[in-house]
Amino acid sequence: MRLFKSIDNIAIEGPGAAAIAADAPLPDLGHGRTWREYYEHWFDRLSEVDWVPDLGMDIGSLSWFRGLASLGLLCSVALSCLPNFGPIEGHRTDPLTGHRADQARSQMIAPLAYGSDTGVRMAATDAVRSLAESPERPSIALVATLGRGDSLRRLLQRAGVANGEAKEVDGLIAGTLSARDIKPGTKFEVILGRRPGKNMARPLDQLAFRARFDLSLEVQRDGDRLKLIRKPILVDDTPLRITGIVGSSLYRSARAAGAPASAVQKYLQIIGKKMSISRDIRSTDEFDIILSYRRAETGEVEVGDLIYAGLDRSGKPKAQMLSWKTGGRSHWFEASGVGQSSGVLARPTGGRITSGYGMRRHPILRYKRMHSGLDFGGGYGAPIYAVTDGRVIFSGRKGGLGKFVKIQHRGGLASGYAHMSRIAVSNGRTVRKGQIIGYIGSTGLSTGPHLHYELYRRGRAINPRSVKFVERAQLGGRELRRFKSELQRLKQVKPGAALGALKSASSANPDREINRLNKPLKS
């Protein structure tokens, strides 16, 4: 039996045939079920299944794994539908070449090292005519700096001055100022004129520089020759005097008053030799510091060393110390003209003391004998220094002491240095405190590299640890009068007087040297 009838048969048989065809039973699918019943049965079962259960509950159950599978399937579908976020292809233009590339490059921002330029370049027209040779600048102005170990002649040659003119300028300046007196770092303003020929050096039109703190020199062209012009600079040498109350801290009070840190440290060192800084100085005392000070009318300032250290102790004896040069060296003297320099002798080497002064068993001779000095450990070749000023009275080998140096000092003291590997001073030579006189070794009776150091008083060995070197100097006669006159002059200087305006300055606001160097010279 057919399930459906054709349209033709329905039309022929009438509506009753259509109703019969519609009401005809479905084929049997087994177990007495039709297709519709089977579909409805599974649809109802699947609709009752929870495909998206809460994965936080019933972990490990069948429904939980079913939910996990559903989640993975949904994520896979979502990832498969992910759109592409790549760049959208557009129209590509052809690369620029020729004059178009040149015009585009002139309008872009790029490093000069990569060929960047500015401005649109235009092609030459028929109105442009090429020059036979390019024109030269009428003059060239430059600044040259004198280096350490350099000479004025080499500096001028590097600046483009001809060898003959450089030699002539060197001779002009040497007649006024020694080349050794020109400090390294001095700036020279140079102006070179128009050269007469293409293969010839430019002539020197003008040269200017600061020769000294109080002098400027210029070399100018006068026709076919060069002439030197001296320009003295007014300099005020009034010392800078700084006074104030000690307060809670002498150092901080002096710094707050305007004294440089190096000058305050030197002041404390000088005053500390006369009294205890912590015990003898009170907060009501007044400090007095005087520095050498120079200022030029062009505005430059030179702050020198400490020359006077004073302390007013409110009724107690004052401290008045003045730096005075005698015998080629500077010493600090009291107001009475008595100078004193005291302190322990300098260490002869940097190593530690390995053996002291006194009786001991000799490490080589194996019997007790007097050890008349100190042994300092140190590596082979370490430097040995003179403990203070003196004159070498022996230099060479001396028995078990090996290579040995003995230095005679003032006050009947002498020092000896033994077991050297090499001696750096000769007999009769004058040495200064801290000067290298040799190097540690193991010559003579020695078990290893070290320094055996001895100290003598009037020819007899003494314990080096028991001696403080004290030197006193007394001024007298004409030098004492000059000393007191200088001390009186310094004490009459008013505090801050060196900071006032120069009376004979050409202008209220002098042109500083640094600004003058940046100005072009007059041609």
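Is Glu40 buried, partly exposed or exposed in this predicted model? Glu40 counts as partly exposed, because its relative accessibility is 42%, a value that falls between the 20% under which a residue is called buried and the 50% over which a residue is called exposed.

**View 1. The whole chain, as a setting for the close-ups.** The predicted model shows a chain of 523 residues, of which buried residues make up 32%. Its secondary structure comes to 11 helices and 25 strands. When contacts between residues at least 6 apart in sequence are considered, 57% of them join residues that are at least 24 apart. The chain exposes about 33900 Å², and carbon and sulfur atoms supply 53% of that area.

View 2. With a relative accessibility of 42%, Glu40 is partly exposed.

View 3. Trp51, by contrast, is found in the loop between α3 and α4, the latter covering residues 62-80. Trp51 counts as partly exposed because its relative accessible area is 44%.

**View 4. Asp58, a residue with a positive phi in the loop between α3 and α4.** Asp58 is not a glycine, and yet its phi is positive, at about 50°. Asp58 lies in the loop between α3 and α4, and because its relative accessibility is 54%, Asp58 counts as exposed.

**View 5. His419, a buried residue with a positive phi in a strand.** His419 likewise is not a glycine although its phi is positive, at about 65°. His419 is found in strand β20, made up of residues 413-423. Its relative accessibility is 5%, and His419 therefore counts as buried.

**View 6. Salt bridges around Glu302.** The count of salt bridges in the model comes to 18. In one of them Glu302 is paired with Lys183, and the closest N and O atoms of the two are 4.0 Å apart. This pair links distant parts of the chain, since Glu302 is in strand β9 (residues 301-313) while Lys183 is in the loop between α7 (163-174) and β2 (187-192), and the two are 119 residues apart. Glu302 is partly exposed, with a relative accessibility of 27%, whereas Lys183 is exposed, with a relative accessible area of 54%. The side chain of Glu302 also meets that of Arg294 in a salt bridge, with an N to O distance of 3.4 Å. Arg294, at 29% relative accessibility, counts as partly exposed.

**View 7. A salt bridge between two loops, Asp389 with Arg432.** Asp389 and Arg432 form a salt bridge in which the closest N and O atoms are 3.7 Å apart. Asp389 lies in the loop between β17 (383-385) and β18 (390-397), and Arg432 lies in the loop between β21 (430-431) and β22 (436-440), so the pair ties together parts of the chain that are 43 residues apart in sequence. Asp389 is buried, its relative accessible area being 19%, while Arg432 is partly exposed, with a value of 44%. Elsewhere, salt bridges that share partners join Lys183, Asp237, Arg294 and Glu302 into one network.

**View 8. Arg295 and its contacts with residues beyond its sequence neighbours.** Arg295 lies in strand β8, which runs over residues 286-296, and because its relative accessible area is 11%, Arg295 counts as buried. Once the neighbours within four places in sequence are left aside, Arg295 is in contact with residues that include Phe213, Leu234, Val235, Asp236, Glu300 and Val301, as well as Ala497, Ala498, Leu499, Gly500, Ala501 and Leu502.

Note on methods
Residues numbered from 1 in each chain as written. Predicted model: local features only at pLDDT ≥ 70, side-chain atom pairs only at ≥ 80, totals over all residues. Heavy atoms only, no water. Buried < 20%, exposed > 50% of the residue type's maximum accessible area, 1.4 Å probe, protein only. Helix = DSSP H or I, 4+ residues; strand = E, 2+ residues; numbered from the N terminus. Contact = heavy atoms within 4.5 Å. Areas by Shrake-Rupley, 256 points an atom, 1.4 Å probe, with all protein chains shown as cover.
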